[in-house]
Structures are given as C-alpha cells and as structure tokens.
Amino acid sequence: MRRFTGDTLLLATHNPGKLEEMTHLLAPYGITVTSAKDHNLPEPAETGTLFVENARIKAHAAAKATGLPALSDDSGIEIDALGKAPGVYTADWAETPTGRDFTMAMTRAHDALEAKSAPFPRTARFCCTLVLAWPDGHDEVFPGVMEGQVVWPMRGNQGHGYDPIFQPEGYDITFGEMDRWEKNRISHRADAFRKLVTIFERG
C-alpha cells in the first residue's frame, strides 16, 4: 500500500457535508482538505456500474486536473431480493425534475419488493467505496459495508436518503431513528474510513 506523505488532499466532491466530515476526520493527521468546488472542477459523468468504478472516475479526474492527490467516494444501498438494486443507481432512483425525492425512491424499493413477494428479512447493505488517487495514476481502494435489512413503513427523520427504511444488523431501530453520532460510528462510511486512515499514519 502506498502511504500518503503530503499535507494537502483534494476531496473530489461538491458536497459541503462530506467536506466537513472529511476535514474533521483528517484533522488529527495534520492534513488540509480542499474540495472540487474550491478548485472549480466540473463533476465528471459517473458511467461505472460498480461503486469502485465511479469512485475511481471522480478521484482520477480531480487528481489529473489539479496535480493533487484526490479522494472520492461512491456509495449506495444494495437490496438482495432486487438483485442488489438500486446499487450505483441509489441516488438516480430519487431523481425528479425538481430535485431528489427519497420518499419516492424508498416507496419504489418497497413496491418492487412487494411485487416479488420477497421473503423476510429483506436483507440489504449500505456500501461505500473510497478511492485515493495520485496524479501519476496510482490509486488505493478502501471498501466499507453495513449489513442490515430494509423495513416498512419508513421510520425516523434523522439521517438522509434511504435511512428510514434501513435497519442495521444488531439494532431494532433504523438509521432514520438513530442518533447521527451513533450512525457515523457504525456506518458503511465509517468502515471505509477506518481502513483509509491507516494510509495517513505517520512513522
């Protein structure tokens, strides 16, 4: 594994929440984090069919454009009874002409499960793949998962996306009902982050 030895990292996102989260995570390592938005980078087309493919597209595009090491992530939910859909199309299921509607997306998932008479528990997982790319084309990949099941009706107004229908393994509440700090501690993204930070450890 290639170590990260610099002090500045570009986060290939225009999402201020992700920037805040990563800045907080990397503060103990003395790393300054900037975003794609800070560099006025366009968002590349995510044409991959796997999380790792889309994460690589974003990370390499940002690293090539700026000459900085770049970190990106791609994440979503896989529902086993739906052939692991929506997967990389997790956000696409929520797209409408006026913005994203995740209530619509969750209803679509539930209706598809009902149409198949899918057995219970309706196992699913949240996935997150982080890719750190260097300007020379090298990259390192850090996958994270949180196993669980999808439930109905929707429960809770915490979190975002599909959180109100995802009940993580070992819990009787959904991500939508869970304290954000508890969710951040156990989530798919936390799993990937724990693997990522080993690359920044000095010495």
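This is a guided tour of the predicted model, one selection at a time.

Residues are numbered from 1 along each chain as its sequence is written. Because the model is predicted, local features need pLDDT of at least 70 and side-chain atom pairs count only at pLDDT 80 or more, while totals for chains, interfaces and linings use all residues; side-chain values use heavy atoms, with hydrogens and water left out.

**First stop: two helices**

Select residues 16-26, helix 1, and residues 188-196, helix 5. Helices (H or I, at least four residues) and strands (E, at least two) are DSSP runs, numbered from the N terminus. The axes of helix 1 and helix 5 come within 12 Å and cross at roughly 40 degrees. Such axes are lines fitted to C-alpha atoms, for helices over the stretch in contact, and angles run from 0 to 180 degrees between N-to-C directions.

Now display the side chains of Lys18, Glu21, Met22 and Leu25 in helix 1, and of Arg189, Phe193 and Leu196 in helix 5; these residues make the contact, where contact means heavy atoms within 4.5 Å. Four of the contact residues are nonpolar, none is polar and three are charged. Here Ala, Val, Leu, Ile, Met, Phe, Trp, Tyr, Cys and Pro count as nonpolar, Asp, Glu, Lys and Arg as charged, and the others, Gly among them, as polar.

**Second stop: His188**

Remain in helix 5 and select His188. Is His188 buried or exposed? At 6% relative accessibility, His188 counts as buried; buried means under 20% relative accessible area, exposed over 50%, and partly exposed in between (1.4 Å probe, protein chains only). Leaving out residues up to four places away in sequence, His188 touches Ser75, Phe126, Cys127, Cys128, Gly144, Val145 and Met146.

Select Ile77, Ile79, Val150, Tyr162, Phe166 and Phe175, which touch the most other members of the 20-residue largest nonpolar core. A nonpolar core is a set of buried Ala, Val, Leu, Ile, Met, Phe, Trp, Tyr and Cys residues joined through side-chain atoms within 4.5 Å. Strand 3 (70-79), helix 3 (102-115), strand 7 (122-133) and strand 8 (139-150) each give two or more residues to this core. Helix 3 supplies the largest share, four residues.

Centre the view on Val150 in strand 8. Val150 counts as buried, at 5% relative accessibility. Beyond its neighbours within four places in sequence, Val150 is in contact with Ile77, Ile79, Leu113, Arg122, Ala124 and Ile165.
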